[in-house]
Amino acid sequence: MKRLFFAVLVAGLMLTGIAHSDDSDSAIATTTAANIAAAAKLDNPGGIGGLESLRGMTELETTRPADPMKHYPKDQGVIDSDYVYQPPLIPHTIRHNEVSLNANKCLACHSWKNAKEMNATKISVTHYISPQQGQVLSDVSPSRYFCLQCHVPQADAKPLVENDFKRVNALR
C-alpha cells in the first residue's frame, strides 16, 4: 500500500515537473525535500493572492488598524424595515449590555413584565413559542434568548460590500 501511495505521489510530482524519472533506471525517481519545498512555495505564501476581502488588501500576517467605531445616534428615530419579517433594529446603544447564558439585559426592559414600566417595546409573542414543538412557553424560548443573533443596533454605516438592494415595495 505504501509503495502504491508513493508511486501515485511521485507520478503527480512528475506531471507537475518537480520530479523526473531516470531513463537509465526504470525505478521511480526519488524526490528531494528541496524540490518539494520549491514546488510548494507560492508567489505570495500566506498572502491574499490578489483578492480583496472585508479586511481590504491587508496580508494575513499583517495586523492592520481597527476600523473606526460605528456612530450610534442617541436621538435617532426608528429606522423602518427594508423587507418583510426583518427583525427590528435596536434604536439605542447596547454597549455594556450583557447578553449571555447567565443574563439578558434586553429582557430587563423589553419583557412583557417590564416593558410598560420601562416605556419600551414588548418583545413579540413569537419569542415565547418553541419552534421545535410549537408550544407556547411561560418564558422566552431558548432559541430566541440571544437577541443579538437577529437584532442589531441601527447605525448610519456604509455597507460592507457593494450591493443594489431595493426595499420591498409594500414597505416604501
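Modeller: What follows goes from the whole chain to single residues.

Colleague: Before that, what kind of model is it, and what was counted?

Modeller: This is a predicted model, in which local features need pLDDT of at least 70 and side-chain atom pairs count only at pLDDT 80 or more, while totals for chains, interfaces and linings use all residues. Residues are numbered from 1 along each chain as its sequence is written, and side-chain values use heavy atoms, with hydrogens and water left out.

Colleague: What is the average pLDDT of the chain?

Modeller: The chain averages a pLDDT of 76, and 68% of the residues score at least 70; pLDDT is the predictor's confidence in each residue, from 0 to 100. Over residues 23-31 pLDDT stays under 50, and for that stretch the model has 11 contacts beyond four places in sequence, a contact meaning heavy atoms within 4.5 Å.

Colleague: And how many helices and strands are there?

Modeller: The chain has four helices and zero strands, which gives the pattern α-α-α-α along the sequence. Helices (H or I, at least four residues) and strands (E, at least two) are DSSP runs, numbered from the N terminus.

Colleague: What share of the residues is buried?

Modeller: Of the 172 residues of the chain, 16% count as buried, where buried means under 20% relative accessible area, exposed over 50%, and partly exposed in between (1.4 Å probe, protein chains only).

Colleague: Which residues make up the largest nonpolar core?

Modeller: The largest nonpolar core has five residues, namely Leu107, Ile123, Tyr128, Val140 and Tyr145. Such a core is a set of buried Ala, Val, Leu, Ile, Met, Phe, Trp, Tyr and Cys residues joined through side-chain atoms within 4.5 Å. Leaving out residues up to four places away in sequence, tyrosine 128 touches a list of residues including Trp112, Ile123, Val140 and Ser141.

Colleague: Serine 130 next: why does it count as buried?

Modeller: Serine 130 counts as buried because its relative accessibility is 5%. Serine 130 sits in the segment after helix H4 (115-118), and, neighbours within four places in sequence aside, it is in contact with Gln135, Leu137 and Ser141. From serine 130 to serine 141 there are 11 residues in sequence and 5.7 Å in space, C-alpha to C-alpha.

Colleague: Switching topic, how many salt bridges does the structure hold?

Modeller: The structure holds one salt bridge, a term for a side-chain nitrogen of Lys or Arg within 4 Å of a carboxyl oxygen of Asp or Glu. Aspartate 82 pairs with arginine 167, with the closest N and O atoms 2.9 Å apart. The pair links distant parts of the chain, 85 residues apart, with aspartate 82 in the loop between helix H2 (33-40) and helix H3 (105-110) and arginine 167 in the segment after H4.

Colleague: Is aspartate 82 buried, exposed or partly exposed, and which is arginine 167?

Modeller: Aspartate 82 counts as partly exposed, at 27% relative accessibility, and arginine 167 is partly exposed with a relative accessible area of 27%.

Colleague: Last one, what does leucine 54 touch?

Modeller: Not counting residues up to four places away in sequence, leucine 54 touches Arg64, Leu160 and Val161. Leucine 54 lies in the loop between H2 and H3 and counts as exposed, at 57% relative accessibility. Leucine 54 and leucine 160 are 106 residues apart in sequence, yet 7.1 Å apart in space, C-alpha to C-alpha.
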